[in-house]
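Work through the exercises below with the model open. Each task is followed by a solution in steps.

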Amino acid sequence: MKEIRFIHTADLHLDSPFRGLGHLPKPLVQRLRESTFTAFQNVIDAAIEKKVDFVLICGDLYDGEDRSIKAQARLRKQLQRLEESGISVFMIHGNHDHLDGGWISLDMPGNVRIFSEKVESVKWIGKNGVSAYVYGFSYPKRHVYSRKIAEYKRVEGVDFHIAMLHGSEEGQGGTHQPYAPFSVDELLKKTMDYWALGHIHQKQILHSNPYIVYPGNIQGRHQKEYGEKGCYFVVLKEAGETEVEFIETADIRWESIDIHIREGMDLTQLFNECIKEMESLRSNKAEGVLCSLTLHQADLLLDNVLRTIENEEFLEMLQDNADFEGAFVWPYKIHATMLHSSSVIDEKLADTIESIVLELKSDGLDEAIADLYSHTYGSRYLDAFTEQELDEILYSAQKLVIDSISRMK
Ligand SMILES: [Mn+2]
């Protein structure tokens, strides 16, 4: 039976600067600055190990528009490893690494096909005669708002059809610019066997059979890009059943931990619980984990314990024995939330406020801040709020309302 094996990756953001982390230990900062390269090496290792036919790289290879020479040289080195293993590479450029720049370009090895700004169809023929068309285009400039999807046309005469596209699904909102918009229905109408997407950094399978996939980025660049990061290994089969497997590639993973404080909890208990939760995040691979801790209802702690949290002594206790070689778990921040005292206002009113907060949590808050993200300049600089940050905003709002009412009494 005919089949094709490939790796689908996107949003490498090679040489991301990891700004604003100067307060972290030096060896950790060094490892973070190296992490996009390490993650890409992990992608290439997987491609070689899985003996794939080709690798699809769906845009935003470089983080900066200036495409540092360092990033290009190291990308080339990894692509050469694929060339030595007889693996082809299909590559499109996205909004971060569009074609309209004044940078110096290093030539890529002969196994690499870079798509131009027009939607192209490139024929691929494997060793055993299996054939495919790979479709795609590169961003000619940073902002591409047009419906490029209209230019994708299936060309008959091969076994498989694989389309690459750096763009956003319509109506997703969020913080990503609405570049090269499409709807899932539109993609399905093109009757491709696989849609290899890029642009959205959170991995998502929009459709299966045929698969429409955002692999997400290969390495989280800050706390909002948390959880597993990696690429997809795909086996397309003639009979139609496609297999997809997620492969984690990040060198450092961002995570968060919630600790619920109980009345009478002492310092040792709190410490042990934090350590236990941190250890549960430890990876069995060489991956490091950076975590933030949220202590809920921290005002239930004894005053002298609470003080060690406020003056960061407690965080330093948890950060002891920092070793940033291989796998590690390291807490970089502790956040404490306080249990509000509802005795200052009457119970019924407190319940009403609580239910409004819950309502906002499920729906209204997104709507309330939507204008920020549709703003041309705002959307460029703002990242999406994490669940935790949304909780903090709601908590502060709730506290503000309760405090104001109490003062009126
Ligand atoms: Mn990107």
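**Exercise 1.** Find which element gives the largest share of the lining of the second largest pocket, and locate this pocket relative to domain 2 and domain 3.

*Solution.* Step 1: the largest share, 8 residues, comes from α9. The model is predicted: local features need pLDDT of at least 70 and side-chain atom pairs pLDDT 80 or more, while totals for chains, interfaces and linings use all residues. Residues are numbered from 1 along each chain, and side-chain values use heavy atoms, without hydrogens and water.

Step 2: the lining comprises 29 residues, with His296, Thr337, Lys361, Asp391 and Glu392 nearest the pocket centre. A pocket here is an open set of points on a 1 Å grid over the protein atoms alone, where a 1.4 Å probe fits, with protein on both sides within 12 Å along at least five of seven lines; lining residues have an atom within 4 Å of a point. Its volume is about 720 Å³, taken as the space filled by probe spheres set on the points.

Step 3: two or more lining residues come from each of β13 (252–260), β14 (288–296), β15 (328–336), α7 (347–374) and α9 (387–408). Helices (H or I, at least four residues) and strands (E, at least two) are DSSP runs numbered from the N terminus.

Step 4: domain 2 (252–339) and domain 3 (344–409) both give residues to the lining, so the pocket lies between them. The bounds come from an automatic or database domain assignment. The C-alpha centres of domain 2 and domain 3 are 26 Å apart.

**Exercise 2.** Which residues coordinate the manganese ion, and are Asp11 and His201 buried or exposed?

*Solution.* Step 1: the donors are Asp11 (OD), His13 (NE2), Asp60 (OD) and His201 (NE2), at 2.1 to 2.4 Å. Donors are N, O and S atoms within 2.8 Å of the metal (3.2 Å for Na, K and Ca).

Step 2: Asp11 lies in the loop between β1 (3–9) and α1 (26–49), and His201 in the loop between β8 (194–198) and β9 (204–207), so the pair ties together parts 190 residues apart in sequence.

Step 3: Asp11, at 1% relative accessibility, counts as buried. His201 is also buried, at 7%. Buried means under 20% relative accessible area (1.4 Å probe, protein chains only).

**Exercise 3.** Identify the strands that pair with β7.

*Solution.* Step 1: β6 (residues 131–136) pairs with β7 in the parallel sense over 4 bridges; pairing requires at least two DSSP bridges. Ala132 has Phe160 as its bridge partner.

Step 2: β7 and β8 run parallel, joined by 5 bridges. His166 stands opposite Gly198 in β8.

Definitions and conventions
Buried < 20%, exposed > 50% of the residue type's maximum accessible area, 1.4 Å probe, protein only.
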